[in-house]
Amino acid sequence: MNIRKRHSIEYLAAWLLILAFSVWTVNLLLNIQDDWAQSNEITRIDQAVHRLVNPWRNLNRPGNDVLENYEVDGQSRALERYLAEYSEARAGLEAHRATKMPMADFYDGMDEAAAMAAALASRVLQLAAEREALRLSGAGSDSIRRVETEAATTMARMDQAFQVGLDLIVGMDERLDQRLLDLDASRRAGIGSLYVIVLVALLSSVLSLVLLRRTVTQGEALRAGAERINAIVNNVVDAIITVDDAGKVESFNRTAERMFGYDADRIVGRPFTDLIDADRGERYNEERFQPESTAFGLDESEYLGRRRDGSNFYMELAATWIKVDGRPLLVHIVRDVTERKQAEERLRLAASVFENTTEGILITDSDGIIQSTNPAFTAITGFTADEALGENPRILQSGMQSADFYEAMWESVTQTGHWQGEVNNRRKNGEIYPQWLNINTIKDARGKVTNYVGVTFDISELKASERIKDEFIATVSHELRTPLTSIHGSLSLLGGEVAGDLSEESAKLVRIAQENSQRLVRLIDDILSVAKIESEKMPFHLQPVALEELIARAIEANQDFAKQYGVRLQAEAGVHEARVLADKDRLMQVLTNLMSNAVKHSPRGGVVRIGVQRQAGYWRVCVVDNGPGIPESFRDNVFSKFAQADGTDRRRGSGTGLGLSICQAIIDRLGGRIGFESESGIRTSFHFDLPVMQRQGMSNVTATQSSEPLDSTMRVER
Amino acid sequence: MPEPTLNRILYVEDDADIRTIVTMSLEKLGKFRVAACDSCAEALALVDDFRPDLLLLDVMMPDVDGPATLQVLRERVSTASAPAIFVTAKVQTGDIERYRKLGVLDVIIKPFDPMVLPGQIERIWQQHWSGANDYGG
């Protein structure tokens, strides 16, 4: 708009200038023409004036001549002829009476002088005739002299008149000549001006051509430049948004369209504050008009972008005022920094964990030199970060582990990338404490080890409480078993009639006491089992286990028990290569438990089927019976401790209610799952899933075991 | 080498009730000769006269426990080479392994069934000697 307006003013000025020049030129030409015409006329007047000279000179001759030769008649005739000649010349001037030259005085003067000269000449001729008459009459010389004197006087007056006319003619001639000269000069000046105009016109044309050419070139350059800038603006990774001084969006590049989800034509003309989080709009408007800052918003944390769908994102905003065509424009460069903010947030979180966790963290470089430690490390070891930096973690060694121990530890770290276990270390104050240590390696993108990270926690208290618990379990175990041994042993010998025969009723009562003492023994065993497994106190000796073989052994071991219930145990055709990583004895315990449950809940003459199935990534072992099934109401509590579905039915009541809890605890420890499916009156299937053993898994275990501390209570985690 | 007959058993147990039960079981059901003592000291006092074929030792005893008693008896000529079996209620992790390393034939866990105890001991005895025969060629 502005440019167009300015251009039209320029065009108007140019046109006015050209018009003025044209008018001037025409005026000049007209003037020159006029001068030319005047010049011609004046030349003609001058010629006419010149033609007056000879007749005028002749006018006084008859008077002079007649006085000398007395030829009055001849001279009268000459005078008439001369007067006629003069009149004719004078008439020639009349044609120019309407000229621009002021000639009235001349005409009047000439006519007056001519009239006087003619009258005086006639008088002289009259006096000459009188003198002739006197002389012929012979009159006295006095009278002749009187006439001659009068003639001479008249003659003198006539000479004066003649001289006045002559002066008028000469004066007129001079004035005409001067006028001609003036006109000539004026014409010359006009022509000079014309030359200047022509020159200016020529120069202007040349200049215009040059300017035009330059304008065309500049136009092309501008167009090319604009295309280039367009291409840049639309392809940069940043959103570029211009906003006018009313805060309305003026342009919106393609990245902005993608970033905010608006098409440019939907957002142009709307306030920029539509594009930022509603809470920041006011602040934005304040910052926008602070006159001292040409740029603002450089602190990316201040603004949250708002997409069309209302979602927000972190943006880095830099805004700069510029002037285009004299109008202020606010150019915003917006970058979506959500990912960066998230990364920063993750880093901040990680740093916060590093600082605040109660686990001591120690980071070394690839040579094992300590690079960084956290506050918890200082709290545990007593070494401040400054004291630890640059040292080798050996400063913590207590000397309680053998060189072989550390060798095995580092072998594991180098081969598998990690190691974990219990280590006795020495604090700065010399105190020795047990710690759980977890070492991991950090590698760069090319797989080269850059750092080792040790995460450690002081397990002194844990160890102490474990020891107390162990002692408690051992004591309970011993103290309960000893009297039970006596009760059970006595009842057994009584029942076996070793101490003498029993009556039928006595035998029945002894059997009841005996069965319940057995039940009590199992209960104690199971409680201790659950406590040990759940406290992870029970060592698990992991080794590859062939499931089919184990199932066969379990069936063999429990077949006699099943017979008591009139039930048969049967292995389904299985999968030969089914191998899992497990503790054989514990797995046997699980199988036995599931089988005895199935047997106890099977109808007499029933069959309990045990099979192995391959599932995605794991093996499933199923123990299936055709018993009454698990009541709907009990299904949620199947794995709860002391839970028995048939709690009221003690007909077979030899269970402790802990079996499935133990199974679940064991399978959990082995990294598997346990579950069941039950269709009332049709079948119940208990199953457990264990991960398919990988070659890799095997080597890992070997490595872990080789790196275990000598202490055989080393736990297998997960 | 023919298998020696198991006849004389030295039993050390601090709990009198259990001592009674075991003695009754072994004598009446197993027809063994049993010398039951309540401590290591009492055992030492009679081993030279009794000359047992087998040592049956409780583990958890005050003053001198089962393993220590075994160690002491090993220093006696009359019991230096007598096979031993432990009886214990203390079956914590690794216990059985550790006892086996002390040179005992087996470990019988309390509570045991006295009705089958003689048979159990007889079986361990036989397995020991057949194993010894295998090794001895």
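# Briefing: a predicted complex of chains A and B

G681(A) touches P628(A) and G629(A), leaving out residues up to four places away in sequence; two residues are in contact if their C-beta atoms, placed from the backbone, lie within 7 Å. The model is predicted: local features need pLDDT of at least 70, side-chain atom pairs count only at pLDDT 80 or more, and totals for chains, interfaces and linings use all residues. Residues are numbered from 1 along each chain as its sequence is written, while chains are lettered from A and ligands numbered from 1 in the order in which they are written.

**Confidence**

- The predictor gives the complex an ipTM of 0.84 and a pTM of 0.43.
- Chain B has an average pLDDT of 87, and 91% of the residues score at least 70. pLDDT is the predictor's confidence in each residue, on a scale from 0 to 100.
- Where pLDDT is low, the predicted coordinates should not be read in detail.

**Chain A overall**

- Chain A holds 18 helices and 18 strands. Helices (H or I, at least four residues) and strands (E, at least two) are DSSP runs, numbered from the N terminus.
- Of the 718 residues in chain A, 25% are buried. Buried means that 20 or more other C-beta atoms lie within 10 Å of the residue's own; exposed means 12 or fewer, and partly exposed is in between, with C-beta atoms placed from the backbone.
- Among contacts in chain A with a separation of 6 or more, 62% join residues 24 or more positions apart.

**The loop at G681(A)**

- G681(A) sits in the loop between strand 17 (673-679) and strand 18 of chain A.
- G681(A) counts as exposed because it has 10 C-beta neighbours inside 10 Å.
- G681(A) and I630(A) are 51 residues apart in sequence, yet 8.9 Å apart in space, C-alpha to C-alpha.

**Nonpolar cores**

- The largest nonpolar core has 42 residues, of which L547(A), M595(A) and V608(A) touch the most other members. Such a core is a set of buried Ala, Val, Leu, Ile, Met, Phe, Trp, Tyr and Cys residues joined through C-beta atoms within 7 Å.
- Several elements of chain A each supply at least two residues of this core, including helix 14 (504-534), helix 15 (547-564), strand 15 (607-615) and strand 18 (683-691).
- Helix 16 of chain A gives the largest share of this core, seven residues.
- A second, separate core of 34 residues includes C40(B), A43(B), Y99(B) and W125(B).
- Beyond its neighbours within four places in sequence, L547(A) is in contact with A578(A), R579(A), V580(A), V612(A), W619(A) and V621(A).

- Helix 16 has 17 residues, and twelve of them are buried. Among the buried residues are R586(A), N593(A), M595(A) and K600(A).
- From first to last C-alpha, helix 16 reaches 24 Å, close to the 24 Å expected at 1.5 Å a residue. The expected span is 1.5 Å times one less than the number of residues.
- Helix 3 (residues 72-94) has 23 residues and should span 33 Å at 1.5 Å a residue; its end C-alpha atoms are 33 Å apart, which agrees.
- V72(A), Q75(A), L79(A), Y82(A), L83(A) and Y86(A) are buried in helix 3.
- An α-helix has 3.6 residues a turn, so residues three or four places apart point the same way.

**A hairpin in chain A**

- Strand 9 (residues 418-426) and strand 10 (residues 432-443) pair in the antiparallel sense over nine bridges. Strands pair if DSSP finds at least two bridges between them.
- G421(A) stands opposite L437(A) in strand 10.
- Five residues lie between the strands of this hairpin, where G430(A) takes a positive phi near 95°.

**The A-B interface**

- On chain B, 19 residues are in contact with 19 residues of chain A.
- The side of chain B that touches chain A has nine nonpolar, four polar and six charged residues. Ala, Val, Leu, Ile, Met, Phe, Trp, Tyr, Cys and Pro count as nonpolar, Asp, Glu, Lys and Arg as charged, and the others, Gly among them, as polar.

**Backbone points in chain B**

- K110(B) and P111(B) are joined by a cis peptide bond, with omega about -5°. P111(B) lies in the loop between strand 5 (106-109) and helix 5 (117-136).
- K31(B) is not a glycine, but has a positive phi of about 55°. K31(B) lies in the loop between helix 1 (16-29) and strand 2 (33-37). K31(B) counts as exposed, with 9 C-beta neighbours inside 10 Å.
- R51(B), also a residue other than glycine, has a positive phi near 45°. R51(B) is in the loop between helix 2 (40-50) and strand 3 (54-58). R51(B) is partly exposed, with 14 other C-beta atoms within 10 Å.
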